[in-house]
Amino acid sequence: MNIRRPLTRNERFLLLALVPVYFIVAGFILQPAGEIFDGVLAIMREPDFLITDYFVIGGVGASFLNAGVLTLLSIAILYGLGMEMDGHTITSTFLMFGFSLFGKNLLNIWMILAGVWLYAKYHRVSLSKYIYVGFYGTSLSPIITEVMQIGNFSLSQRLFLCVITGITIGFVLPPLSTHMHFMHRGYSLYNVGFAGGIIATVIVSLMKSFGITMESRLIWYEGNNLPFVILLSVLFLGMILGGFLYGGNMAFLRYQQILRSYGLGGTDYYKEWGAPATMINMGINGMTAMGFLIATGVHLNGPTIGGIFTIVGFSATGKHLRNILPVMTGVVFASAGKVWSITDPSASLALLLSTTLAPIAGEFGIFAGILAGFLHSSVALNVGIVYGGMNLYNNGFAGGIVAAFLVPVIQSVRSRRARAKSGWSL
């Protein structure tokens, strides 16, 4: 079967928009409509730092509506900016959906995006240059919700602080995320999460200095996995089937090329290997991540589905089976000897989001990937204490630290072995 005609720009964006629409429709099936809108209001009012499962706060339907509408708005912004579809379009929108199930909502992301817009204006460039950084940077949106709920200030004062805080975050994100990339050199895919951890640490430290403290929280949905297994399976199997039907045998051959890539930050499978192969990769990775959770006894809920969507989104820009499985295996191995269980909420998220380190397994092999996952599990479960869960991409911050620590060591060992084999002086 030959590859059919390329989709038009409109068709590509419409196809992407079907994903949030699918979950919005599912939301109205899973929760009575009368409860959904009240649930969305509850989601917007509730503090949402880690870990706050919107399935508990507003209900499953309200969570899907919140995530679906935010994702549709994100797609509309990209379309309105005249941007072409690429791997980062897919990654950013899938992350927007996933983390809108446990932290981002229709109220708390906009000031950060406004700050990124002002940064682009200041440098006299198009917003399209920084819009993806802006979307990723909404990982700090729980800070906006927290500032809005400072009890000792009037409503107008809190609104003013929200505006200043959000714009400041958005303004410093682009330069800081660029600088952070040099520290791990693309071996951690969640680069903005690394930068976000630095920003969150500074802001939370300032808040604590003025006597504003955040209590730790754990709101975690545990219910019936079956409807979520069905929903996700239909989506992911549909991606696999769609990729094969549209791309034919060539899609399978290009998928094999994806499996051979390292997956370093900046990779774009959509541009390099096309939409059909990318869809197949996304669907396979989604089914694998979901199966991994079910096999280890982890519940499907807002945060874990968000973690699955993170893997699927980054399957357009760096992740594939060969480089995510070793890292996830390293987290599972770690759970056997450490003081936590793989089914603990934070560990469950680390299992999925440790795949930020997939490029390490992709370039240096299985054992390096397992070691990266082993180390990541410890760092991710402890580093968030410095910013009180205010950075939703906690594993991005942890992954940046692990990559910056581990990669130079691995490269040094590999370099020494290469010199020894060649007979060079050691």
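Thr-145 touches Glu-46, Pro-47, Asp-48, Asn-105 and Asn-108, with residues up to four places away in sequence not counted; contact here denotes heavy atoms within 4.5 Å. The structure is a predicted model, in which local features need pLDDT of at least 70 and side-chain atom pairs count only at pLDDT 80 or more, whereas totals for chains, interfaces and linings use all residues. Residues are numbered from 1 along each chain as its sequence is written, and side-chain values use heavy atoms, with hydrogens and water left out.

Thr-145 is located in helix α8 (residues 141-148); helices (H or I, at least four residues) are DSSP runs numbered from the N terminus. With a relative accessible area of 6%, Thr-145 is buried, where buried means under 20% relative accessible area, exposed over 50% and partly exposed in between (1.4 Å probe, protein chains only). The side chains of Thr-145 and Asp-48 are joined by a polar contact of 3.3 Å. Such a contact is a pair of N or O atoms within 3.5 Å; within protein, one must be able to donate a hydrogen and the other to accept it, and residues adjacent in sequence count only if both atoms are side-chain atoms.

Gly-27 lies in helix α1 (residues 9-30) and counts as buried because its relative accessibility is 0%. Apart from neighbours within four places in sequence, Gly-27 is in contact with Ile-36, Gly-61 and Phe-64. The C-alpha atoms of Gly-27 and Leu-65 are 6.5 Å apart in space, although 38 residues separate the two in sequence.

Helix α5 (residues 87-99) comprises 13 residues and reaches 18 Å from its first C-alpha to its last, close to the 18 Å expected at 1.5 Å a residue; the expected span is 1.5 Å times one less than the number of residues. Of the 13 residues of α5, 12 are buried, so the helix is largely enclosed by the rest of the structure. The buried residues include Gly-87, Ile-90, Phe-94, Met-96 and Phe-99. At the N-terminal end, α5 is capped by Asp-86, a side-chain oxygen of which lies 3.0 Å from the backbone nitrogen of His-88.

Trp-117, Leu-118, Tyr-122, Phe-171 and Val-172 make a nonpolar surface patch of about 470 Å². Patch residues have over 30% relative accessible area and no salt bridge, like charges being joined within 9 Å and nonpolar side chains (Val, Leu, Ile, Met, Phe, Trp, Tyr) within 5 Å; a salt bridge is a side-chain nitrogen of Lys or Arg within 4 Å of a carboxyl oxygen of Asp or Glu. Helices α6 (110-122) and α9 (155-184) each supply at least two residues of the patch, and α6 gives the most, with 3 residues. Leu-118 lies in α6 and counts as partly exposed, at 31% relative accessibility.

Definitions and conventions: Areas by Shrake-Rupley, 256 points an atom, 1.4 Å probe, with all protein chains shown as cover.
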